[in-house]
Amino acid sequence: MIRRKIKHSAVTILDRENLLNRIASRIRQSLELHEILETTAREIRAFLNTHRVKIYRFEEDGSGEVIAESIQSDRLPSMLGLRFPATDIPVKARDLFLTARQRVIVDVASGRKTTEELDFSDNGESISRGGIHYWPVDPCHAEYLTNMGVSSSLSIPILHQQHLWGLLVSHHAKPRRYSEREIEIVQLLVDQMSIAIAQSDLLNRTRNQARDEAVLNKISGLLHSPLDIKKIRQTVLKETVLALRADAGRLYINPDMTGAVAQIYTYGVQPSIAWIEETDCWQQLINKSEQIAPPETKPGTVQKENLSPPERASLEGYELDLPSPLNGNKESHSTPHSIVYLHSVSIGNLYKTRAFSPLAFAFQGTKIRSILIVPLKYNKQYLGCLTLFRNEIETETLWAGRNDLDERNQKPRASFEAWREIKKEQTKIWKVEEIKLAESVGTHLYMAVMQRRVENLIRHEASHDRLTGLANRLLFNERLSLALADTQHRAEMLGVIFLDLDGFKTINDTLGHALGDLLLKIVAERLSRSLPEEDMLARWGGDEFTFLINHLSSAEDVAEISNKILKCFQEPFRLEGQDFYVKASLGIALAPYDGEDVETLLKNADAAMYRAKQQGRNNYQLYTPAIGTKACERLLLETSLHKALDRDEFRMYYQPQIDLKTGRIISMEALIRWQHPELGLVPPSEFIPLAEETGLICPIGKWAIEAATRQNYEWQLAGLPPIRMAVNLSARQFHQQNLLQEIAQILRQTKLPPGYLELEITESIAMQDVDLTISLLHGFHEMGIAIALDDFGTGYSSLSSLKHFPLDQLKIDRSFIQEVTTESPDAAIIEAIVTLGHGLNLEVMAEGVETLEQLEFLKSANCDAAQGYLFSKPVPVEIATELYRQSTFSFHLSS
């Protein structure tokens, strides 16, 4: 007897293992869920030897459909593909299926129902939790099964990601008992089925993600293609409509800052309001959509797929269909207290949505029922919206028995024969995955539109003055060049007028830049009104304006226009309730007599304008050759220098300073250059004395320090090894009262550490006021800034004063280097300077090294560093950067 039991137990275990292995093998072999479910239903029915096993999946509305089934001959009819209403399974039963994983066995003949609650063990297997309970069968339930032809049933819940996915149900036409062994094996198979469902879900999500990425990649490729922008956007709209299985759509782009008008692209049937996006109702929907947020999620809470219809969210009494949860229909982890704001508006049925009722009439005559609006918006930057439409649909459902709600609420259905229900004018709700894809497309569209607008704005700003809206010098030059070509072809004359405001600097300095800008805008408006449409006005820069006067027959014509321009300044300009009188000086150059190219005409008109200023201002002067004398050139240079900073005409050049032992670049000296628009590159020897004389050297010097320190910081950000940047201080700069504060502010603005800035002062500057020099140099040293004494040996510094200067470097003047290889005393002077510098613990650098012989002498004299044309002349930043990257000059330093 004992042997029989042992043998029977062994066979049972073997059968269970074989069955589990077959199901597990099927899961491994097939990626398609329906194949796995059909195999599982077939194996379980064969194992239980019951008449029907069905797998029942719940839909979002709570109803369920038989998606897999196995039946034995014709004892019970097939229910495959039939839908069961949600009310067939009471809410309480659903809760127990989900929360307690309750298994239910019903024996209709005995009127007994057996339930058992389950839990998971540590290894993932199902174990009994609440024991077995016996209950009387509800009469309605018994009648329900009897009408179905079932005498006994077994129901086991199928869970997926902590929600009730479906049921596995075994039906038998005769009374039948289920043994503990049978239930245990079936439960294990259901657990395997849950694994297959999770596997299928992951596969579907991966496929959907790959599909969505392919759609987004295609759209991204279109948006960045070289095609015409209108064709690109039309194609993107079409691809989006097709990808999201919509029936129609539209893309609205609002006007931009450059004056471009709004654009609308459409695909498919459209509402009767052409610009519906500009209506108040539409804008209200878009603006209020951002105020809807999901409830806060507790830490660790998992949001699950919502099986009910979309939630209704209220907008001040309006209702909109909103997907729930926002992050998809599967689990998603949320950070504590996180808030996700909606960007899209989903309207399930436009005729039943109160918020959309003012616009519903525009869709009458169409089949459009549901709408998805995706604003192209980030923060408060609204660029337009992408809208998708879906037409009404006709649904067809095969119910298990006639779906009569009133009858079903009173008693169970008498028949489960298939009943076909057809519903017309239904809406297809936007799924969360579809909304996410639409919003991703919207993000790509937003970025593409914004990029295009930035490019257009850059082009517009590149050719227009931001303050006045007038053309700038770039656009003026282009138009003038075209006008000159046309003038030569037509044998006509044109004029260029250069206008400079008289006394503008006084108003700007007295009332401030804000009112100065306002004055310029008013002047621009008056001047614009004084010109015919065929002529052109541009703001040249600062308080200067230029005019292009076409189709002149004589000089008298341009004189008449100039008088008309001057009359614009007869009336006062009202600023802050006060009247101010501003006048103007005009210079005129005529083509082809005063020049046949853009540069010559502008230069001569500018020269004539300064002649007008010399003649007492508030007048105009025609250009004459006499204006081009040397004295006038200096005047022009001085006047141009006053406005060089405003015109951004200064450039920084850089000359490397080399360690004579290693050959490496250890620092750069920043040297300012003036790129004059007419004169070209003006040498420092010409404009630096003029700047010192006029006092302009202080703002110019400040600009130079700021530009040099910013460039050094940019080099460091680019990953180049940090080095010092040497900048010269002029005498006027050095004696400014706020010099320390000004340089400290520059370093804060440019973010350059003070240790990488070196200030150079000449020996003569240092000796003008020794006490001031010592005080300032100590202040710089406390900030961490290095100090170099430039042109050493050419001044009259005393050693007693020199030892009190907190210096870091002595720079030997180039005049000593030039003759060092001849029999001059310069060699001895250099050696003495090197010895002196080293004795004071200072680095010694030689300037103006041009030959290898000079270099070899400096190395033999133990000079620390050098700079000069032998290594590199001062070069623009691009060339300096390349030298910086090369870092060494080993070829020149080889012995």
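This is a predicted model: local features need pLDDT of at least 70, side-chain atom pairs count only at pLDDT 80 or more; totals for chains, interfaces and linings use all residues.
Two strands count as paired if DSSP finds at least two bridges between them. In strand S25, Ala 591 stands opposite Leu 494. Strand S20 covers residues 493–502 and strand S25 covers residues 583–591. Nine bridges join the two, and they run antiparallel.

These two strands belong to an open sheet of five. The order is S21-S22-S20-S25-S26, with mixed pairing. Strand S21 (536–541) and strand S26 (620–622) stand at the edges. Each has a single partner strand, so one side of each is left without a neighbour in the sheet. From one strand to the next, the twist averages 20°.

Two helices accompany the sheet. Helix H10 (residues 473–490) packs on it and touches S20, S21, strand S22 (544–552) and S25. The direction of H10 makes about 135° with that of S21. Helix H14 spans residues 598–614 and lies across S20, S21, S22, S25 and S26. H14 runs at about 145° to S25.

Lys 751 follows H19 and has a positive phi, near 65°.

Across the protein there are 27 helices and 35 strands. The protein has 895 residues, and 49% of them are buried. Among contacts with a separation of 6 or more, 65% involve residues 24 or more positions apart. The accessible surface comes to about 44100 Å². Carbon and sulfur atoms account for 51% of that surface.

Cysteines were also examined. A disulfide is a covalent bond between the sulfur atoms of two cysteines. A search of the whole structure finds zero disulfides. Cys 281 has a relative accessible area of 10% and is therefore buried, the cut-off being under 20%. Cys 140 has a relative accessibility of 43%, so it counts as partly exposed.

Terms used: Residues are numbered from 1 along each chain as its sequence is written. Side-chain values use heavy atoms; hydrogens and water are left out. Helices (H or I, at least four residues) and strands (E, at least two) are DSSP runs, numbered from the N terminus. Axes are lines fitted to C-alpha atoms, for helices over the stretch in contact, and angles run from 0 to 180 degrees between N-to-C directions. Contact means heavy atoms within 4.5 Å. Buried means under 20% relative accessible area, exposed over 50%, partly exposed in between (1.4 Å probe, protein chains only). Accessible areas come from the Shrake-Rupley method with a 1.4 Å probe; for residues, only the protein chains shown count as cover. A disulfide is a pair of cysteine sulfur atoms within 2.5 Å.
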